[in-house]
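Please read it with the structure open.

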Amino acid sequence: MADLGYFSQKIGDTIDRVLCETFEKREFKMPQGRYVSFCFDDFPKSAVELAAPMLESRGWRGTWYVAGGLLGQTDPNYGKMFEDSDLERLRRAGHDFGCHTFDHVDCRDSSPELIEAQCIKNTEFLAARGINDVSSFAYPFGAVNLSAKRVLAHAELALRGVKPGLNRGTIDLNMLKACGLQENNGGVRRAMDDLEALKRNSGWQIIFTHDIGPSPSPWGTTQSDYSQLLQAVEASDIEVVTVGEMVQRLKQSAAMPSQAEAA
Ligand SMILES: [Zn+2]
């Protein structure tokens, strides 16, 4: 019976994935160029203390997906989570912020009303801390079905999943691909492989992780691996943008008449 449960879960996952990849799309054409965004989900204090300075010293900024309910908590996997002072420090340094629901809820198991209420609560949490320009959302656990995608699409935020790969050509702003640096996803090695592919062709690589440190959780990475990744980007002609910046550019280029129309 356990096997049957496992297989029906797998079939359910596949159906959700196919439906989400097919419907409720918000398509944008990627501009020419090579872009990388660095994201942090949840987020642990170690990411602010160790990774933010690594980005800032290169003149780069990251996108931080905040679930307000995790403020000041200690997570069994990630250790200490962000505090108000961390949000303030990042905000002052010009980083970008995204929504991740308030209580880090699984959107696939949540009613449309709950998802909506969670986003409103998180928006209020961020606004109370001077953060009013949120333009993207990351599905907690990467969990999404068509109903959740539909509800979130109304908010007009760029929606980020956890399916690895490069965003290139015509992309779905309601289901952006992103490469997690976690162990079960090939870690930094996979991100480096995608980076090599990006060097050869236009596209947008979104990289996310959680904690950073000498003994990271399975969903985090070490400082040396992260540093290696940043060095590889630095040595290339790839432009580092926050998700918010890229979303703005996509909307601007969609609003402009094409060259043929302008001629
Ligand atoms: Zn998360």
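T101 counts as buried, with 26 C-beta neighbours inside 10 Å. Buried means that 20 or more other C-beta atoms lie within 10 Å of a residue's own; exposed means 12 or fewer, and partly exposed lies in between, with C-beta atoms placed from the backbone. T101 sits in the loop between strand 6 (96-99) and helix 4 (112-127). Helices (H or I, at least four residues) and strands (E, at least two) are DSSP runs, numbered from the N terminus. The phi of T101 is near 65°, a positive value in a residue other than glycine.

This is a predicted model: local features need pLDDT of at least 70, side-chain atom pairs count only at pLDDT 80 or more, and totals for chains, interfaces and linings use all residues. Residues are numbered from 1 along each chain as its sequence is written.

D42 also has a positive phi, near 95°. D42 belongs to strand 2. D42 is buried, with 24 other C-beta atoms within 10 Å. A cis peptide bond joins D42 to F43, with omega about -5°. F43 lies in the loop between strand 2 and helix 2. Most residues other than glycine have a negative phi, and most peptide bonds are trans.

Next, the core. A nonpolar core is a set of buried Ala, Val, Leu, Ile, Met, Phe, Trp, Tyr and Cys residues joined through C-beta atoms within 7 Å. The largest one here has 65 residues; C39, F40, L159, L176, I206 and I207 touch the most other members. Strand 2 (residues 34-42) gives the most to this core, with five residues.

Contacts require C-beta atoms, placed from the backbone, within 7 Å.

| Residue | Contacts | C-beta neighbours within 10 Å |
|---|---|---|
| Q205 | V36, L166, C179, D194, L195, L198 | 24 |
| L146 | L19, C20, F23, E24 | 16 |

Q205 is found in strand 11 and is buried. Its C-alpha atom is 8.7 Å from that of R168, 37 residues apart along the chain. L146 is in helix 5 and counts as partly exposed. The C-alpha atoms of L146 and R108 are separated by 8.5 Å, 38 residues apart along the chain.

Which residues of helix 5 (residues 146-153) are buried? They are A148, K149 and L152. Seen down the axis of helix 5, these fall within an arc of 100°, so they line one face. The arc is that of the directions from the helix axis to the C-beta atoms.

Helix 6 (residues 187-200) buries G187, V188, A191, D194, L195 and L198. Their arc is 120°, so they too line one face of the helix. They pack against strand 2, strand 10 (179-180), strand 11 (203-209) and helix 7 (223-234). The face turned away from the buried side carries the exposed residues R189, E196 and R200.

Finally, a helix pair. Helix 2 (residues 45-56) and helix 3 (residues 84-92) pack at about 35°, with axes 10 Å apart. Axes are lines fitted to C-alpha atoms, for helices over the stretch in contact, and angles run from 0 to 180 degrees between N-to-C directions. K45, V48 and A52 of helix 2 meet D86, R89 and L90 of helix 3.

Definitions and conventions: Two residues are in contact if their C-beta atoms, placed from the backbone, lie within 7 Å. Lists of a residue's contacts leave out its neighbours within four places in sequence.
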